[in-house]
Amino acid sequence: MVDHAKLKECWLTVQKDGDRKSFDRIYLATWKTLYGYAWSRTKDEDVAKDMVQDVFVKLWNKRDTINIRQYVIAYLMSSLKNQLIDYFYRENRNNTVVERAYYLMEMVVKQDEMGLSYEGA
């Protein structure tokens, strides 16, 4: 169970002093939850690990400007959900490109089979 008050206290220490130990406490208290959620959505262990890592890297790098008003875990989950949205957007876009390329290759093969080759035209 996540102790929200302790996480908030750790976060305030991270923001105020840049305390790495407090940041590590946040990580240790929350990474399993974040990883579990990411894995349940992607079904890919490496992608899920990378997403969680990205969430924490961004949190550390922007610690001076991030204002967490409520629960630290809620902020982290929101960041992870944004990572997932970006991931699925990129995946969908990549799949669309692959499907288009496959379709075009299929058309070229069909045209060639029908003697509609453009070579020597």
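**Entry 1: the loop between α2 and α3**

I began with Lys-43, which lies in the loop between α2 and α3; helices here are DSSP runs of H or I with at least four residues, numbered from the N terminus. The model is predicted, so I note that local features need pLDDT of at least 70 and side-chain atom pairs pLDDT 80 or more, while totals for chains, interfaces and linings use all residues. Residues are numbered from 1 along each chain as its sequence is written, and side-chain values use heavy atoms, with hydrogens and water left out.

Lys-43 is not a glycine, yet I found a positive phi of about 60° there. Lys-43 is exposed, at a relative accessible area of 55% (exposed is over 50%, buried under 20%, partly exposed in between, with a 1.4 Å probe and protein chains only).

**Entry 2: helix α2**

I next followed α2 and noted a bend of about 50° at Thr-30, the bend being the angle between axes fitted to the seven residues ending there and the seven starting there. Thr-30 is also among the buried residues of α2, which include Phe-23, Ile-26 and Leu-34.

**Entry 3: α2 against α3**

How are α2 and α3 packed? I recorded an angle of about 145° between them, with the axes 9 Å apart; axes are lines fitted to C-alpha atoms over the stretch in contact, and angles run from 0 to 180 degrees between N-to-C directions. The contact (heavy atoms within 4.5 Å) involves, among others, Phe-23, Thr-30 and Trp-39 of α2 and Val-52, Phe-56 and Trp-60 of α3. I listed its residues as 15 nonpolar, two polar and three charged; Ala, Val, Leu, Ile, Met, Phe, Trp, Tyr, Cys and Pro count as nonpolar, Asp, Glu, Lys and Arg as charged, and the others, Gly among them, as polar.

**Entry 4: the core**

Of its 26 residues, Trp-11, Ile-26, Phe-56, Leu-59, Leu-76 and Leu-80 touch the most other members. Each of α1 (4-17), α2 (20-42), α3 (45-61) and α4 (72-113) supplies at least two residues, and the largest share, eight residues, comes from α3. Setting aside residues up to four places away in sequence, Phe-56 touches Phe-23, Ile-26, Tyr-27, Thr-30, Trp-31, Leu-34 and Leu-76.

**Entry 5: Gln-83**

Beyond its neighbours within four places in sequence, Gln-83 is in contact with Met-51, Asp-54, Val-55 and Lys-58.

Methods: A nonpolar core is a set of buried Ala, Val, Leu, Ile, Met, Phe, Trp, Tyr and Cys residues joined through side-chain atoms within 4.5 Å.
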